[in-house]
Amino acid sequence: MDKNNTHDKEKLDRQIRLEEIHLLYGGTPFSYTASVVIAFIIYGVLLDHADSPQYLNIWLLTILGVMVVRSVESYRFSKLNKEDKLKSSWRIRFFIGTAIAGTCWGLLPWLGYSSEVEYIAFIIVCQVGVIAGSLSTLSYRWETMVLFLVPSSFLLILRLLLDDQHFSDATTYVLCVFVFFSLSAGKRIFDNTQQNIRLRIEADNRERAIELLHQKQALHLQNTPLAIIEFDIDLNICEWNNAAETIFGYPHDEAIGENIMRLILLRNNSTNTDKLWQRLLNHEALIGETIENKTKSGKPIFCQWFITPLTDKHNAIVGIAAMALDITDKKHNEAVILKAKEEAEKANQAKSDFLSNMSHELRTPLNAILGFTQLLKYEKELSEKQHSHINEIDNAGNLLLELVNQILDLAKIEKGHLQLSIEKIAITDTLQACHAMVAPLAKQQNITLNFETTSTSYVLADHTRLKQVLLNLLSNAIKYNKYNGSVNVRAITKENGTVRIYVADTGKGISKELLPDIFQAFNRLDAANNIQGTGIGLSISKQLVTMMGGKIGVTSQKDEGSEFWIELPGHAELNTIIKSESHPITAKPIQNKTIASNYHILVAEDNPTNQTLILNQLEKLGYQADLVTNGQEALNMMANKNYHLLLTDCNMPLMDGYTLAKTIRESGNHKIPIIALTADAYPESKEKCLSAGMNEQIIKPFQLETLQETLESHLN
Ligand code: ADP
């Protein structure tokens with residue numbers, strides 16, 4: 001701000017200086033001509049009366065010479081450019097010329113001296129006249145007046161003082177008074193002139209600035225991509241810029257005087273337009289309102305409008321100023337993007353539906369494969385080779401089940417169906433459980449497991465899902481390790497309370513180029529050939545950790561090993577160290593309780609393979625079972641016989657499992673435990689089973705031990 005002010009002031013001073021020097025040199029043609037004319041008149045009058053005509057000639061020549069030189073100077077000055085005119089040398093030259101001219105006039109009473117009193121008086125009058133006349137042209141600078149007045153009047157007064165025969169001293173005093181008043185009058189004229197120059201320049205500058213502003217605004221209005229339109233209260237257009245011409249297609253002259261409504265595309269929404277006008281009439285500005293318009297050729301376009309009512313001092317609307325931006329392309333692009341988004345969402349939804357349906361459909365045959373495989377394992381008569389083949393089938397079946405489960409998880413996450421129940425979990429407990437589960441796998445490869453949690457804490461997470469993530473990291477650390485390698489697990493609590501769990505291995509590591517893709521689904525990097533896996537585990541882990549409000553990451557060194565970590569929100573409340581090496585943790589053995597062969601179980605199942613399987617499984621566990629193929633048959637059977645438990649499939653012809661359970665409960669039988677056997681692994685399906693009146697749900701495929709535990713828990 002200060003810098004701007006200083007700059008403005010400097011500019012103004014320069015302008016004033018330029019104006020002064022112009023005025024000084026500009027007045028010279030008139031004053032020099034007047035001086036030459038007066039000099040000739042004086043010469044003519046004094047020629048016959050001067051005491052020395054030669055001196056008078058010298059005076060005339062001197063004064064003419066000075067005037068010629070000064071005229072040449074003035075001419076040269078007029079030809080200069082602005083910058084050169086401002087040079088101080090031209091000011092000094094003018095001052096010197098003025099002082100010389102003043103001296104020349106002061107020499108008149110000396111060189112043109114006459115003994116006759118009336119000619120002396122003539123000289124005095126001329127001198128006084130010249131001095132008075134000079135005031136008008138020299139008063140633009142105070143210094144020039146002094147430089148002219150002082151030598152001319154001083155030499156005159158000196159001559160009068162020396163001449164004691166013609167005039168009294170009073171004349172000299174009067175002349176002194178005249179000089180004094182001339183100087184003070186000159187000073188006042190100078191001050192006023194200065195003030196006038198300043199005011200005029202300031203006014204000029206202001207006027208120029210306003211003019212410039214108007215020009216800029218006009219340029220702006222004409223060149224802006226916004227249509228700028230003004231219309232009166234009768235809605236007739238009175239302003240129309242270039243952009244308005246381009247957007248709406250009406251040339252300026254055609255648009256002026258037209259009704260603004262010609263630009264509005266009236267479909268069925270004329271009431272909307274009425275509402276907009278109503279808002280304007282209520283002095284409300286319309287900011288960014290999108291209106292469907294039409295061009296001169298009738299083409300519909302979309303414009304975004306900014307409309308403001310213009311009011312007079314009594315707040316009455318006198319017109320309306322509007323700006324419009326053509327957003328047709330933007331609107332079309334938005335529509336295209338929206339359509340593409342909807343299609344992508346539909347495709348994604350179809351993919352998720354397909355994945356979850358597929359995983360559901362795969363469960364039923366898998367149930368048979370894994371179930372019969374497990375039953376075969378109990379056969380004593382089979383050879384070792386046959387047992388080894390059964391193990392192969394079991395392994396492959398379990399891998400397939402893992403894939404199906406993971407695909408289902410992925411589909412659940414993508415559909416937003418995965419519900420987490422976040423709770424406070426002690427890291428040590430979870431790690432212990434995981435340790436027990438992966439220990440047998442580690443043993444196969446002679447891998448040492450080192451679990452160390454120095455700042456054992458509580459984290460906020462979903463218990464099952466946290467375990468799933470940790471198991472995935474641990475099983476990878478074992479799978480992709482070398483024989484005799486080790487896996488180190490540690491947890492640390494950070495200052496902000498979050499807990500970071502590291503799982504480090506001594507495996508083959510992951511190359512830098514492959515690292516960025518590691519969390520992508522179905523990306524097996526370079527492990528696809530020799531190590532079993534699905535390529536989904538890490539992708540699911542990442543999504544689960546993110547859903548739990550945490551982060552996951554990895555650092556790896558090729559041929560040295562990898563370190564995966566997860567970070568979860570938590571509270572440091574516990575501090576213990578687990579050394580799993582010294583206190584090996586083993587999996588909880590499945591209870592082998594005595595089978596109550598006097599329990600009668602009714603099985604409702606429509607799929608023939610699953611019928612055979614469940615009957616065989618129940619027989620293996622020692623239960624007595626009857627089979628029906630749908631709900632209606634089950635009701636009939638129950639009417640004739642008392643059963644201790646009902647195992648029912650959910651989807652069956654005639655009457656499904658849900659209706660069956662509902663009917664039983666509605667008939668007043670709340671005693672019999674009803675267990676659902678279903679391939680539907682969604683949480684909603686469990687809710688559906690429970691709300692139909694069932695006690696529990698077993699998801700196919702299931703282990704014999706799971707069936708045993710569930711039955712025992714309900715029968716006891
Ligand atoms: P999967 O192990 O079933 O293939 P994941 O999603 O768990 O699927 O892992 C993706 C890929 O990341 C693996 O196929 C493997 O190439 C690589 N990977 C994962 N963990 C490790 C590890 N600890 N060391 C080396 N490579 C790993």
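**Exercise 1.** Determine which residues line the largest cavity of this predicted model, and describe how they divide by class.

*Solution.* The lining of the largest cavity is made up of Phe231, Ile260, Leu263, Ile264, Thr273, Leu276, Trp277, Leu286, Ile291, Trp305, Ile307 and Ala322. Sorting these residues by class gives 11 nonpolar, 1 polar and no charged. As for the space itself, the largest cavity holds about 90 Å³, and the structure contains 4 cavities of 30 Å³ or more.

**Exercise 2.** Work out which helix or strand gives the most residues to the lining of the largest cavity.

*Solution.* Begin with the elements that each supply at least two lining residues, which are helix 11 (270-281), strand 3 (286-294) and strand 4 (300-311). Of the elements that contribute, helix 11 gives the most to this lining, with 3 residues.

**Exercise 3.** Decide whether helix 6 and helix 8 are roughly parallel or roughly antiparallel to each other, and then describe where they meet.

*Solution.* First, take the axes of helix 6 (residues 117-138) and helix 8 (residues 169-223), which come within 10 Å and cross at roughly 10°. Next, compare this angle with the cut-off, since angles under 35 degrees count as roughly parallel; the two helices are therefore roughly parallel to each other. Then look at the contact, in which Ile124, Val128, Ile131, Ala132 and Leu135 of helix 6 meet Leu175, Phe178, Ser182 and Gly186 of helix 8. Finally, sorting the residues of this contact by class gives 7 nonpolar, 2 polar and no charged.

Key
Residues are numbered from 1 along each chain as its sequence is written. This is a predicted model: local features need pLDDT of at least 70, side-chain atom pairs count only at pLDDT 80 or more; totals for chains, interfaces and linings use all residues. Side-chain values use heavy atoms; hydrogens and water are left out. On a 1 Å grid over the protein atoms alone, a cavity is a set of points where a 1.4 Å probe fits but cannot get out, and a pocket is an open set with protein on both sides within 12 Å along at least five of seven lines; lining residues have an atom within 4 Å of a point. Grid points are joined across faces, edges and corners, and a volume is the space filled by probe spheres set on the points. Helices (H or I, at least four residues) and strands (E, at least two) are DSSP runs, numbered from the N terminus. Ala, Val, Leu, Ile, Met, Phe, Trp, Tyr, Cys and Pro count as nonpolar, Asp, Glu, Lys and Arg as charged, and the others, Gly among them, as polar. Axes are lines fitted to C-alpha atoms, for helices over the stretch in contact, and angles run from 0 to 180 degrees between N-to-C directions. Angles under 35 degrees count as roughly parallel, over 145 as roughly antiparallel, 65 to 115 as roughly perpendicular and the rest as oblique. Contact means heavy atoms within 4.5 Å.
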